[in-house]
Amino acid sequence: MPLMNTKAMFDQAYKHGYAIGAFNVNNMEIIQGIVEAATEEKAPLILQVSKGARNYANPVYLQKMVEAAEKVSGLPIALHLDHGDSFELCKSCIDGGFTSVMIDGSALSYEDNVALTKKVVEYAHDTTNHPYITVEGELGTLAGIEDEVSHAVGSYTRPEEVIDFVTKTGVDSLAIAIGTSHGAYKFKPEQCTRDENGVLVPPPLRFDILEAVSEKLPGFPIVLHGSSSVPQEFVQIINANGGKMPDAVGIPEAQLRKAATMSVCKINIDSDLRLGCTAGIRKHFAEHPEHFDPRQYLGDARANIKTVVKHKLTEVLGCAGKADEIIAKYNEMNK
Ligand SMILES: [Zn+2]
């Protein structure tokens with residue numbers, strides 16, 4: 001099966017109350033860790049590439065490694081552009097073989113966001129020169145930092161805008177802002193409370209906004225960005241082995257699990273992979289200062305990524321065991 005767009009995935013995810021994990025990929029070990037976990041759990045995957053990842057790794061390398069992942073695993077996999085910021089970038093990804101793109105016009109005025117998103121959708125849905133490519137738009141802005149996307153303060157999605165936006169642009173899915181945030185420092189300590197262990201507890205997600213959006217757009221797939229949970233065991237390993245990440249804080253997994261059972265069909269996870277990767281490498285060097293073979297420490301990074309992803313697939317996203325039903329839906333849609 002070739003790489004697929006997100007239509008069959010979101011159709012099934014919406015209907016059956018789970019979400020597809022969208023994991024950011026930057027190198028071979030990250031891709032392998034994710035795909036090994038998904039293979040064991042028979043789960044669908046969205047592997048997403050940011051502009052920063054394209055610049056770091058070269059788009060062709062990443063594209064070919066994701067194609068290899070599909071070939072090796074046989075899983076339903078979408079190759080998605082994360083935070084496309086221009087028509088030209090989206091077009092370049094579509095022409096290069098991506099099966100899904102995000103156009104993030106959320107920093108623009110509402111009218112300019114509509115116009116840019118519509119232009120990308122028209123190109124992506126025109127099947128003269130390429131298959132149907134699914135497009136994700138965004139309304140509302142997330143706080144935090146992710147690669148080249150950075151906002152000091154976020155603004156919640158306004159439910160009264162979503163019908164107009166989706167109708168005018170024709171997007172296939174919509175990223176909304178309900179209190180998630182990019183990066184490993186999602187909230188300042190003063191925005192949080194602390195639990196009995198002194199760990200920061202962030203303000204709860206705005207499920208009222210998610211519910212209002214879902215009521216306006218029944219059956220329409222919603223996307224959550226900035227949805228890492230920042231596992232404290234990794235933060236502790238990092239800090240115990242020479243790192244310095246005080247007060248790193250993420251979104252509690254129970255809230256993401258709840259969102260996945262609702263209209264949220266795609267949950268983006270990047271920081272948790274980075275933390276697993278870094279914890280693996282720092283611990284490896286602390287225990288084996290004599291090692292200098294990258295396979296030794298990158299192997300530990302890859303093993304941690306696999307552990308993180310297995311946990312997400314089974315305990316948070318609920319998409320473990322769903323690969324077959326998505327392949328069946330894909331085949332039905334593409335008869
Ligand atoms: Zn994002």
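Q: At what angle do helix α6 and helix α7 pack?
A: In this predicted model, helix α6 covers residues 110-125 and helix α7 covers residues 159-169. Their axes lie 8 Å apart, and α6 passes α7 in a right-handed crossing. The packing angle is about 35°.

Q: How do the residues of the contact of α6 with α7 divide into nonpolar, polar and charged?
A: From α6, the contact is made by Tyr-110, Val-114, Thr-117, Lys-118 and Val-121. From α7, Glu-161, Phe-165, Lys-168 and Thr-169 take part. The division is four nonpolar, two polar and three charged.

Q: Which residue of β8 is the bridge partner of Leu-139?
A: A closed barrel of eight strands, with parallel pairing, runs β1-β2-β3-β4-β5-β8-β12-β13, and its twist averages 25° from one strand to the next. Within this order, strand β5 (residues 134-139) pairs with strand β8 (residues 173-176) in the parallel sense over four bridges. The bridge partner of Leu-139 in β8 is Ile-176.

Q: At what angle to β3 does helix α4 run?
A: Helix α4, residues 59-73, lies across two strands, β2 (45-50) and β3 (77-84). Relative to β3, the helix runs at about 150°.

Q: What is the radius of gyration of the protein, and why does it agree with a compact globule?
A: The C-alpha trace spans about 55 × 45 × 35 Å along its principal axes, and 52% of the 335 residues count as buried. A compact globule with 335 residues would have a radius of gyration near 20 Å, so the value for the protein agrees. That value is 19 Å.

Notes. Residues are numbered from 1 along each chain as its sequence is written. This is a predicted model: local features need pLDDT of at least 70, side-chain atom pairs count only at pLDDT 80 or more; totals for chains, interfaces and linings use all residues. Axes are lines fitted to C-alpha atoms, for helices over the stretch in contact, and angles run from 0 to 180 degrees between N-to-C directions. A crossing is left-handed if the near helix is turned anticlockwise from the far one by less than a right angle, and right-handed if clockwise. Two residues are in contact if their C-beta atoms, placed from the backbone, lie within 7 Å. Ala, Val, Leu, Ile, Met, Phe, Trp, Tyr, Cys and Pro count as nonpolar, Asp, Glu, Lys and Arg as charged, and the others, Gly among them, as polar. Two strands pair if DSSP finds at least two bridges between them. The radius of gyration is taken over C-alpha atoms; the globule rule is 2.2 Å times the number of residues to the power 0.38. A residue is buried if 20 or more other C-beta atoms lie within 10 Å of its own, exposed if 12 or fewer, and partly exposed in between; C-beta atoms are placed from the backbone.
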